[in-house]
Amino acid sequence: MTDGQASSTSSLVDPFAHYADRKRQITLRHDARLISHSEIATFKRCRRKWWLAWYRGLRLRHESPTGVRAVGDRVHRALAQWYVPDGQQRVDPREALEHLIEFDRNAVIMTRADDPNLADILVDMNKDADLERAMISGYVQWLEETGADANYEVLASETYQDALLPGIVGRGDVPSYIIAKLDAKVRRTTDGVLRFVDHKTVADF
């Protein structure tokens with residue numbers, strides 16, 4: 001993407017591309033400058049990385065299928081199949097995770113068949129899979145023991161939200177919005193209060 005193109009779009013990088021639902025596209029505003037927590041965190045941590053990734057829109061040719069980001073991706077995708085509105089088929093996140101592990105593994109084998117490091121990548125993916133299984137299994141066990149989400153009615157999964165930032169404009173004098181994606185939007189059945197569920201993963205235990 002060139003700098004000229006960037007000035008007419010809402011954001012150089014889709015901040016939700018990593019966790020995007022594979023079955024649908026999240027609709028982002030295209031008439032505004034969009035600012036996410038990820039972009040702010042990157043800017044504060046390393047301005048050069050922000051300039052390369054967010055301003056210029058550069059990306060690695062192949063995202064790593066292993067490591068913290070890949071683990072978080074699969075865990076989020078598995079839980080997204082559990083937190084769905086009434087009327088939609090709910091999938092046990094442990095079962096969903098196994099399908100995702102197999103799907104991602106086969107995708108890596110197909111796309112990196114000529115990679116001399118393929119065997120090592122698959123070994124690392126297996127290690128990540130063990131961590132993901134422990135995370136999901138522990139989470140399900142915690143829900144069963146505490147009933148932490150028993151009083152929640154799921155209204156929507158993977159929901160995009162934005163809020164106008166008054167007085168702040170982007171290039172081309174377009175309005176600026178702070179944006180977020182809720183893992184699950186829920187209503188507490190005991191009093192009708194609207195809440196959201198946000199899942200976080202860590203590098204290790």
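**Reading backbone angles and a helix pair**

Biologist: In which element is glutamate 158 found?

Modeller: Glutamate 158 is found in strand 2, which covers residues 152-170, and the model we are reading is a predicted one.

Biologist: How should I read the phi angle there, and what value does glutamate 158 have?

Modeller: The general idea is that most residues other than glycine have a negative phi. Against that background, glutamate 158, although not a glycine, has a positive phi of about 50°.

Biologist: Is glutamate 158 buried or exposed?

Modeller: Glutamate 158 counts as buried because its relative accessible area is 7%, and buried means under 20%.

Biologist: Where is aspartate 173, and what is its phi?

Modeller: Aspartate 173 lies in the loop between strand 2 and strand 3 (174-188), and its phi, near 60°, is again positive in a residue other than glycine. Aspartate 173 is exposed, with a relative accessible area of 67%, since exposed means over 50%.

Biologist: Turning to the helices, at what angle do helix 2 and helix 3 pack?

Modeller: In general, two packed helices are described by the angle between their axes and the distance between the axes. Here helix 2 (residues 37-45) and helix 3 (residues 47-55) pack at about 140°, with axes 5 Å apart, and helix 2 is therefore oblique to helix 3.

Biologist: Which residues make the contact?

Modeller: Helix 2 contributes Ser38, Glu39, Thr42, Phe43 and Arg45, while helix 3 contributes Arg47, Lys49, Trp50 and Trp54. By class, this contact of helix 2 with helix 3 holds four charged, three nonpolar and two polar residues.

Conventions. Residues numbered from 1 in each chain as written. Predicted model: local features only at pLDDT ≥ 70, side-chain atom pairs only at ≥ 80, totals over all residues. Heavy atoms only, no water. Axes fitted to C-alpha atoms, helices over the stretch in contact; angles between N-to-C directions. Helix = DSSP H or I, 4+ residues; strand = E, 2+ residues; numbered from the N terminus. Parallel < 35°, antiparallel > 145°, perpendicular 65-115°, else oblique. Contact = heavy atoms within 4.5 Å. Nonpolar A, V, L, I, M, F, W, Y, C, P; charged D, E, K, R; others polar. Buried < 20%, exposed > 50% of the residue type's maximum accessible area, 1.4 Å probe, protein only.
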